[in-house]
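Let's take a walk through this one together, starting from a helix and moving on to a sheet.

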Amino acid sequence: MYPANYSYTKEHEWVRLEGDGTGTVGITFHAQNELGDIVYVDLPKVGATVETGKTMGSVESVKAVSDVYAPVSGEVVAVNETLSEAPEKLNEDPHESAWLVKIKLSNPEEIKQLLSAADYQSYIGAE
Amino acid sequence: MSVPGGSLRTTALNGVHRKAGAKMVDFGGWDMPVQYSGILDEHHNVRKAVGLFDVSHMGEIEVRGPEALQLVNFLSTNDAARLQPGQAQYSGLLYGHGGFVDDILVHKIDDRHFFLCVNASNQDKDFEHIRTHNRFDAEVEFAGERYAQLAVQGPSALQTLQKLTQTDLAPIAYYHFVDGVVSGAPARIARTGYTGEDGFEIYIAPVEAERIWRELLEAGKEFGIKPCGLGARNTLRLESKMALYGHEIDATITPWEAGLGWIVKMDKGDFLGRDALARQKQEGVKRKLAAFEMTERGIARDGYEVYLDGQPAGWVTSGGPSPTLNKNIGLCYLPSDRAAIGTRIEIMIRNQPAGAVIVPSPFYKREK
């Protein structure tokens with residue numbers, strides 16, 4: 001369910017390092033499942049600077065709004081444009097095609113602060 | 001995410017919802033299903049086929065006695081004297097200052113017996129309110145524990161429920177009810193609802209709830225019935241512009257402001273709140289509920305500020321996506337002279353203004 005090569009936050013975002021200094025960011029299966037039908041995604045623009053733990057956008061379900069926090073600091077180098085037209089893809093494929101943004105990491109050391117897949121799974125199990 | 005604590009109240013169907021994997025939430029102190037298969041799916045299913053809701057959290061209050069009518073009519077805005085036995089009406093319970101204690105359904109059983117269906121989170125307050133003002137020859141009984149309530153809603157609701165009862169459902173007119181039998185159990189069968197679709201709300205003994213719930217799901221299978229949660233109930237009622245206490249109405253809002261003048265019968269004689277309503281009508285109603293749809297990207301949510309000409313002018317009472325219309329819609333309070341259809345407003349969404357326009361309501365009306 002939760003890919004071992006991803007890193008996770010307690011706010012239910014994931015990061016996958018791409019080996020070129022960038023990381024792909026998304027929300028977890030657990031997050032989309034808790035939110036229910038996702039109908040709106042608000043993301044930063046390419047070129048924006050984001051900071052670990054700060055709000056970088058929001059995801060809205062029929063019922064509620066939820067902030068998305070940047071799991072790592074850096075510059076947004078790509079935004080998943082398909083989500084503005086088809087936000088429901090976040091319910092269908094949150095760990096792959098429905099990624100949110102790609103970030104050029106300004107401090108790659110930050111990744112060490114995040115949770116492993118195993119730690120994240122025990123975290124949500126206990127939540 | 002929070003785990004329900006021991007303090008939450010539960011309906012007779014709580015175990016059924018949990019076992020079925022429904023997503024549960026704290027709804028005004030009740031542990032209730034917010035969704036089963038998903039709010040959008042359930043919403044469409046009610047519009048196109050039929051859905052089954054557990055609304056047993058709703059409260060029931062019985063008023064009996066020689067002056068039951070006098071008590072009901074003194075405390076509610078609509079005119080219960082106009083009801084025939086077997087008829088129901090939407091009404092308001094008001095404070096002396098004209099604000100809402102609650103919005104309720106008044107069912108007339110007979111001249112000496114009225115059955116009130118009230119909001120879950122208001123039921124204790126309502127009961128106290130009615131008891132406090134009971135200077136009539138009438139008895140007021142809190143009956144919430146004696147009833148479970150199921151709502152069968154949608155174009156196939158009648159066919160579904162008909163399979164479980166000998167009572168001929170077709171002749172029951174909208175806002176009428178019959179005391180009959182459903183699946184062998186005594187049931188009050190009312191043609192009412194909170195979805196904007198045809199349908200029934202049935203009042204049964206809690207001990208029968210689980211069995212009848214299952215039998216309704218079985219009976220409705222051929223019509224594609226689905227169990228539904230309170231999430232879809234909310235999107236359905238919003239499209240139909242039905243008020244939700246704590247949102248469109250509360251202690252600070254009068255029926256005139258809420259666009260509910262049609263449930264106020266000023267000519268019926270004195271009732272609690274009447275003087276305040278007369279005064280407000282004379283002085284002019286300064287704000288009113290208006291319906292809007294977003295013209296720019298963004299979803300308006302309850303409590304967001306509404307701006308007119310760059311100035312704060314009101315607030316969103318309910319907002320969200322409309323699954324039927326595929327638009328983002330909402331209701332808001334605005335100055336009465338600035339709420340005309342076509343008026344451009346801005347909703348402050350997380351510190352960013354997003355455009356919207358006042359539109360006719362309800363947003364959705366079923367074809368009859």
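Which are the buried residues of helix 2 of chain B? They are Ile39(B), Leu40(B), Glu42(B), His43(B), Asn45(B), Val46(B) and Arg47(B), where buried means that 20 or more other C-beta atoms, placed from the backbone, lie within 10 Å of the residue's own. Helices (H or I, at least four residues) and strands (E, at least two) are DSSP runs, numbered from the N terminus. Since seven of the 10 residues in helix 2 (residues 39-48) of chain B are buried, the rest of the structure largely encloses it. The cover over those buried residues includes strand 2 (30-35), strand 9 (148-153) and helix 7 (230-239) of chain B.

A word on ground rules: this is a predicted model, so local features need pLDDT of at least 70, side-chain atom pairs count only at pLDDT 80 or more, and totals for chains, interfaces and linings use all residues. Residues are numbered from 1 along each chain as its sequence is written, while chains are lettered from A and ligands numbered from 1 in the order in which they are written.

Now for the sheet. Chain B has an open, antiparallel sheet of five strands in the order 5-6-7-4-8, with pairing taken as at least two DSSP bridges between two strands. Strand 5 (87-94) and strand 8 (139-142) of chain B are the edges, each pairing on one side only. Strand 4 (residues 59-64) of chain B joins strand 8 of chain B through four antiparallel bridges, and there Glu62(B) sits opposite Glu141(B).

Terms used: A residue is buried if 20 or more other C-beta atoms lie within 10 Å of its own, exposed if 12 or fewer, and partly exposed in between; C-beta atoms are placed from the backbone. Two residues are in contact if their C-beta atoms, placed from the backbone, lie within 7 Å.
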